[in-house]
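Hi,

Here is the structure I said I would pass on. Have a look at it first, and my notes come after.

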Amino acid sequence: MSRISVAVENESPVQRGTVIETGGNPDTGKPDNELKRGLSSRHLQMIAIGGAIGTGLFVASGGTISQAGPGGALVAYALVGLMVFLLMQSLGEMSAKIPVAGSFQTYATRFVSPSFGFAIGWNYWFNWAITVAAELVAAGIIMDFWFPGVPGWIWAGSFLVLLTGVNALSAKAFGESEFWLSLIKVVAVILFLVAGVLMIVGILGDSSPGLSNWQNREDVFHGGWVSIISVFMIAGFSFQGTELVGVAAGEAKNPRKEVPKAIRSVFWRIMIFYIGAIFVIGCLIPFTDPSLLASGEADIAASPFTLVFERAGIAFAAALMNAVILTAILSAGNSGLYASTRMLYAMAHDGKAPKAFGRTNSRGVPINALLATAAVGLFGFLSAIVGQGAAYAWLLNVSGLCGFIVWAGIALSHYRFRRGFLAQGNKVSDLPYKASFFPVGPLLAFAVLIVVIAGQNYEAVLAGRGMEVLSSYIGIPIFLGLWIVHRHVTKSRVVPLLEMDLSGPKDVEEEAVAKVG
């Protein structure tokens, strides 16, 4: 590992940008093991939108309302959404300029340090690989709605094979499947919002609570700011996936045009979906309702979305909504498998993972990286050992914190990227996409993320609940350990501003030159 890493660090920026990002063979000069740009604009749009709509909204949102009240949950999601908006701007600026599959790992390596990039890359791979497992657990729970006698591990294994098969076809096949899966989710959320409003005003359903659940301040903001902060973890997990557009940029057909387009549109759509859904649920289901994941692990199958339709007296719609939730879970798992596979592939080309993971088949799919990532999905079988709800909660916590660490890395990388870009004599107007709130945006997002990471489960620390603390914070020592060990072995240092590699992939740079010419 140290020999490969040092060799990469000693290469010139131009060499590094050409060999690693295009998959060129340094000995023959011919393309080898490279990804193929098969993702169109509509694929990129739906990947960005659909990646953030999954179990966090359909399954876990009830827990936030139960814990912090409808108003507290609304505030938590809005604050996390604001932070994500700032991060998406940061990510958009970097990924439009340097659209590579390595994304956050590449940016952290080039703009902070090789060791920081090493830790970010492995952390992101772990984050999404574990998320795939979490989605498999959730899929088993949802299938129990129709087949209560079938063990969850059977469904987890079946869906894992399905998702692996789709990802093994091609990037275009993944994009196409994700487009339709995400479209189903988006349509379902829109229909839910419409039906919810009709129920609130009394047009649909037997009776309407109106806004009665929002009248008592103590109930609306149950537990005050303490509860709001405590649900940040679930809210953050819900929004994780918006950054997928940065990874997908490495296989987008026209990244410098389509990435900014996706960044501009996706945030507001997602915010409307989340804020609207929380408001509707808060109106129709009291926060004291035991069905909001408050009475036990078995209740996780009855998501707030399903409950709303059941209480409207529409049994068929409840079953249909459960099917939509399953679609959302498969979509999130599909995206997670794609993202973690591409990250492992990029790290292999950057000397930060075994070379075998950098090999692709004739369709441009890094098949070894895909199979290695799918193997982690076997953690979904935890559902058969420790109980489905317990496995889901454990995996949710572990992957959620990893996502926050990656987000912090994006903010830090962007802050240094912009400084390096200007220090090397460039102008902000030269950027394909410009983050509007620099430097306040990345600095504010980074500060908020540090607070959230440190205090997202302080109650377990004070109460001395060891296993809960471990599941909540284990991502921190893993990340720091990777960073410190790599730095010790490679003797890497912080990249000076004037030495930052700001070059994009060879094919993108050549296309930009051709257009200017």
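Below is what turned up, sorted by topic.

A word on the ground rules: this is a predicted model, where local features need pLDDT of at least 70, side-chain atom pairs count only at pLDDT 80 or more, and totals for chains, interfaces and linings use all residues. Residues are numbered from 1 along each chain as its sequence is written, and side-chain values use heavy atoms, with hydrogens and water left out.

**Aromatics**

Searching the whole structure gives 20 aromatic pairs. (Rings of Phe, Tyr and Trp, the last by its six-membered ring, pair if their centres lie within 6.5 Å; planes under 30 degrees apart are stacked, over 60 edge-to-face, and the rest tilted.) One of them is F116 with W483, an edge-to-face pair at 4.9 Å centre to centre and 65° between the planes. This pair links distant parts of the chain, since F116 belongs to helix α7 (residues 114-143) and W483 to helix α22 (residues 475-490), 367 residues apart. Helices here are DSSP runs of H or I with at least four residues, numbered from the N terminus. F116 is buried at 5% relative accessibility, while W483 is partly exposed at 29%. (Buried is under 20% relative accessible area, exposed over 50%, partly exposed in between, with a 1.4 Å probe and protein chains only.)

There is also an aromatic cluster made of Y107, F111, F417 and F421. Y107 and F111 are both buried residues of α6. That helix, residues 103-111, is mostly covered, with 9 of its 9 residues buried.

Two arginines have their charged ends over rings: R42 over F179, 4.6 Å from the ring centre, and R418 over F438, 4.5 Å from the ring centre. The rule asks for NZ of Lys or CZ of Arg within 6 Å of the ring centre and within 35 degrees of the ring normal.

Most residues other than glycine have a negative phi, and most peptide bonds are trans. F438 comes up again here, as the peptide bond from F438 to P439 is cis, with omega near 0°. P439 lies in the loop between α18 (388-423) and α19 (440-455).

Two non-glycine residues have a positive phi: S103, near 40°, and K491, about 60°. S103 is in helix α6 and is buried, at 0% relative accessible area. K491, in the loop between α22 and α23 (506-516), is exposed at 62%.

**Cavities**

How many cavities of 30 Å³ or more are there? The count is 4. (A cavity is a set of points on a 1 Å grid over the protein atoms alone where a 1.4 Å probe fits but cannot get out; lining residues have an atom within 4 Å of a point.) The largest cavity holds about 110 Å³, a volume being the space filled by probe spheres set on the points, which are joined across faces, edges and corners. Its lining has 14 residues, and G51, W128, E135, F237 and Q240 are the closest to its centre. Helix α7 gives the largest share of that lining, 4 residues. By class, the lining has 5 nonpolar, 8 polar and 1 charged residues. (Ala, Val, Leu, Ile, Met, Phe, Trp, Tyr, Cys and Pro count as nonpolar, Asp, Glu, Lys and Arg as charged, and the others, Gly among them, as polar.)

Cheers

Note on methods. Helix = DSSP H or I, 4+ residues; strand = E, 2+ residues; numbered from the N terminus. 1 Å grid on protein atoms, 1.4 Å probe; cavity = no way out; pocket = protein on both sides within 12 Å on 5 of 7 lines; lining within 4 Å.
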